[in-house]
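Subject: Structure handover

Hi,

Here is the structure for you to look over. My notes on the disulfide and the pocket follow it.

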Amino acid sequence: QVQLVESGGGLVQAGGSLRLSCAASGNIFSIKDMSWHRQAPGKQRDLVAAITSTSSTNYADSVKGRFTISRDNAKNTVYLQMNSLKPEDTAVYYCNAHIGLRTAVTFSFWGQGTQVTVSS
């Protein structure tokens, strides 16, 4: 049994900052890639940022220079620091992790989502 629990969402004014956290717990053997995705009403879920087990990162063009993804492997946690927020960043943010349960074979797990609302 594995759970991903997100926190840190909320309401912020344009130009403000938020930091999202996502902690994985349960019968975890290893965690490979971790990522953040977002879904605005009526739109598909899109990748925002991803980080490998060796901390290589990649970002959607729309957030480059404003968002930073990081991870703490000792805590099985991934973070998303969001600065210079814009109204178009408003969405439900989901974390995803590829987790090995008893072996190195990984499975994809999703968090429940956390709402981020940016007011203009």
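Which residues form a disulfide? Cys22 and Cys95 do, with their sulfur atoms 1.9 Å apart. The term covers a pair of cysteine sulfur atoms within 2.5 Å.

Before going further: this is a predicted model, where local features need pLDDT of at least 70, side-chain atom pairs count only at pLDDT 80 or more, and totals for chains, interfaces and linings use all residues. Residues are numbered from 1 along each chain as its sequence is written, and side-chain values use heavy atoms, with hydrogens and water left out.

Back to the disulfide. A search of the whole structure finds 1. The torsion about the S-S bond of Cys22 and Cys95 is about 40 degrees, so this disulfide is right-handed. Cys22 sits in strand β3 (residues 18-26) and Cys95 in strand β9 (residues 91-100), so the pair ties together parts 73 residues apart in sequence. Strands are DSSP runs (E, at least two residues), numbered from the N terminus. Both cysteines are buried (under 20% relative accessible area, 1.4 Å probe, protein chains only).

Now the pocket. A pocket here is an open set of points on a 1 Å grid over the protein atoms alone, where a 1.4 Å probe fits, with protein on both sides within 12 Å along at least five of seven lines. Lining residues have an atom within 4 Å of a point.

Of the 13 lining residues, Arg38, Ala40, Lys43, Asp46 and Glu88 are the closest to the centre of the largest pocket. β5 gives the largest share of the lining, 3 residues.

Best wishes

Conventions: Helices (H or I, at least four residues) and strands (E, at least two) are DSSP runs, numbered from the N terminus. Buried means under 20% relative accessible area, exposed over 50%, partly exposed in between (1.4 Å probe, protein chains only).
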